[in-house]
Amino acid sequence: RRPPSPLNTVALMRLASSRLGLGAYSAMQLAEELYLRGFLSYPRTESSGFPPGFDFLTPLEELAAHPAWSETASRLVELGAGRG
């Protein structure tokens with residue numbers, strides 16, 4: 001099973017409203033708090049893709065040095081996930 005696609009700002013606000021009953025301001029405040037705590041990527045973007053030639057290798061190598069992500073990030077680097 002594939003993971004869900006990332007949400008852009010509009011989709012995030014729609015889901016927060018329909019499923020949680022939150023207004024736009026509250027949804028963005030919650031998203032920002034989750035971002036600051038490291039639970040999600042930066043919430044204020046409309047992009048759900050990466051430009052051609054994006055450098056995945058550098059952030060993967062940095063994550064490989066982090067205890068919580070080292071095994072997964074190292075495996076992705078081994079598999080060639082950082083190459084465009």
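A residue is classed as buried when its relative accessible area is under 20%, as exposed when that area is over 50%, and as partly exposed in between. In the predicted model described here, Phe54 has a relative accessible area of 31% and is therefore partly exposed. Phe56 falls into the partly exposed class as well, with a relative accessibility of 29%. The rings of Phe54 and Phe56 have centres 4.7 Å apart and planes at 70°; because planes over 60 degrees apart count as edge-to-face, the pair is assigned to that class. The count of aromatic pairs comes to one.

The secondary structure of the chain consists of four helices and zero strands, and the order of elements from the N terminus is α-α-α-α. Of the 84 residues in the chain, 12% are buried. The accessible surface of the chain amounts to about 6,900 Å², and carbon and sulfur atoms contribute 57% of this area. Among contacts in the chain with a separation of 6 or more, 23% are accounted for by residues 24 or more positions apart.

Helix α1 comprises 12 residues, residues 9-20. At 1.5 Å a residue, this helix should span 16 Å, and the distance of 15 Å between its end C-alpha atoms agrees with that expectation. At the start of α1, a side-chain oxygen of Asn8 lies within 3.2 Å of the backbone nitrogen of Val10. The residue that follows α1 is Gly21, which has a positive phi, near 70°.

Two salt bridges were found in a search of the whole structure. One of them joins the side chains of Arg37 and Glu33, with an N to O distance of 2.7 Å. Arg37 has a relative accessible area of 59% and is thus exposed, whereas Glu33, at 36% relative accessibility, counts as partly exposed.

A salt bridge is also formed by the side chains of Glu78 and Arg75, at 3.4 Å from N to O. Both Glu78 and Arg75 belong to helix α4 (residues 70-78), where they are three residues apart, about one turn of the helix. An α-helix has 3.6 residues a turn, so residues three or four places apart point the same way. With a relative accessible area of 58%, Glu78 is exposed. Arg75, for which the relative accessibility is 47%, is classed as partly exposed.

Definitions and conventions. Residues are numbered from 1 along each chain as its sequence is written. This is a predicted model: local features need pLDDT of at least 70, side-chain atom pairs count only at pLDDT 80 or more; totals for chains, interfaces and linings use all residues. Side-chain values use heavy atoms; hydrogens and water are left out. Helices (H or I, at least four residues) and strands (E, at least two) are DSSP runs, numbered from the N terminus. The expected span of a helix is 1.5 Å times one less than its number of residues. A polar contact is a pair of N or O atoms within 3.5 Å; within protein, one must be able to donate a hydrogen and the other to accept it, and residues adjacent in sequence count only if both atoms are side-chain atoms. Rings of Phe, Tyr and Trp (its six-membered ring) pair if their centres lie within 6.5 Å; planes under 30 degrees apart count as stacked, over 60 as edge-to-face and the rest as tilted. Buried means under 20% relative accessible area, exposed over 50%, partly exposed in between (1.4 Å probe, protein chains only). Contact means heavy atoms within 4.5 Å. Accessible areas come from the Shrake-Rupley method with a 1.4 Å probe; for residues, only the protein chains shown count as cover. A salt bridge is a side-chain nitrogen of Lys or Arg within 4 Å of a carboxyl oxygen of Asp or Glu.
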